[in-house]
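Student: I have a new structure to read. Where do I start?
Tutor: Start with the overall fold, then look at single residues.

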Amino acid sequence: MKNRNIVLAIIFTLLSCGIYGIYWFINVNDDMNTLTPDDSYQTSGGLAFLFTLLSCGIYGIYWAYRMGAKMDKLKNGGSHTFLFILLQVIGFGIVDYCIMQSIINEKATISSVE
C-alpha cells in the first residue's frame with residue numbers, strides 16, 4: 001500500500017486527461033484488496049478496469065457497490081455502498097477514489113508506525 005496525496009492525484013488525473021485516473025483506479029482497487037484479504041471480491045485492479053471498459057461502465061457500478069461494502073467493513077458500519085453507487089452513476093467516480101484513498105492513507109500510516 002502506498003500513501004498518496006489525494007489533491008496531487010486529482011491534479012495529475014486532470015492534467016493527463018484521465019490517464020493517471022486509470023492508474024489510480026487500479027492501485028486503489030489493489031490496495032483495498034490488500035486491506036480486506038478475507039473478502040470474497042478480490043478482482044485485480046487491471047481486470048476491474050478492463051471489465052468496466054468492456055461493459056461500457058456497467059461493471060463500474062458493480063465495482064462501486066463492492067468497494068462500498070469493503071469500506072463499510074473497514075469502517076465497522078456506515079453506508080458507503082449507496083454513496084459509492086450514486087457517485088459512480090452521476091459521473092463522480094473520482095470522489096469514490098478520494099474516499100478510498102483516505103482510508104488507505106490512514107491504514108498505511110498506521111502500519112508504517114507499527
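Tutor: This is a predicted model. The protein has 6 helices and 0 strands. Along the sequence, the pattern reads α-α-α-α-α-α.

Student: How compact is the protein for its length?
Tutor: Compare the radius of gyration with the globule rule. The radius is 13 Å, close to the 13 Å that the rule gives for 114 residues, so the protein is as compact as a globular protein of that length. The C-alpha atoms fill a box of roughly 40 × 30 × 20 Å along the principal axes.

Student: What share of the residues is buried?
Tutor: Buried means under 20% relative accessible area. Here 39% of the 114 residues count as buried. The accessible surface is about 6300 Å², and 68% of that belongs to carbon and sulfur atoms.

Student: What can contacts tell me?
Tutor: Look at how far apart the partners are in sequence. Take contacts between residues at least 6 apart: 55% of them join residues at least 24 apart.

Student: And what about backbone angles?
Tutor: Most residues other than glycine have a negative phi. Now check C17: its phi is near 55°, a positive value.

Student: Where does C17 sit?
Tutor: C17 is in the loop between α1 (6-15) and α2 (19-35).

Student: Is C17 buried or exposed?
Tutor: Exposed means over 50% relative accessible area. C17 has 72%, so C17 is exposed.

Student: What is the phi of C56?
Tutor: The phi of C56 is near 55°, again positive in a residue other than glycine. C56 lies in the loop between α3 (45-54) and α4 (58-74). At 74% relative accessibility, C56 counts as exposed.

How values were computed
Residues are numbered from 1 along each chain as its sequence is written. This is a predicted model: local features need pLDDT of at least 70, side-chain atom pairs count only at pLDDT 80 or more; totals for chains, interfaces and linings use all residues. Side-chain values use heavy atoms; hydrogens and water are left out. Helices (H or I, at least four residues) and strands (E, at least two) are DSSP runs, numbered from the N terminus. Buried means under 20% relative accessible area, exposed over 50%, partly exposed in between (1.4 Å probe, protein chains only). The radius of gyration is taken over C-alpha atoms; the globule rule is 2.2 Å times the number of residues to the power 0.38. Contact means heavy atoms within 4.5 Å. Accessible areas come from the Shrake-Rupley method with a 1.4 Å probe; for residues, only the protein chains shown count as cover.
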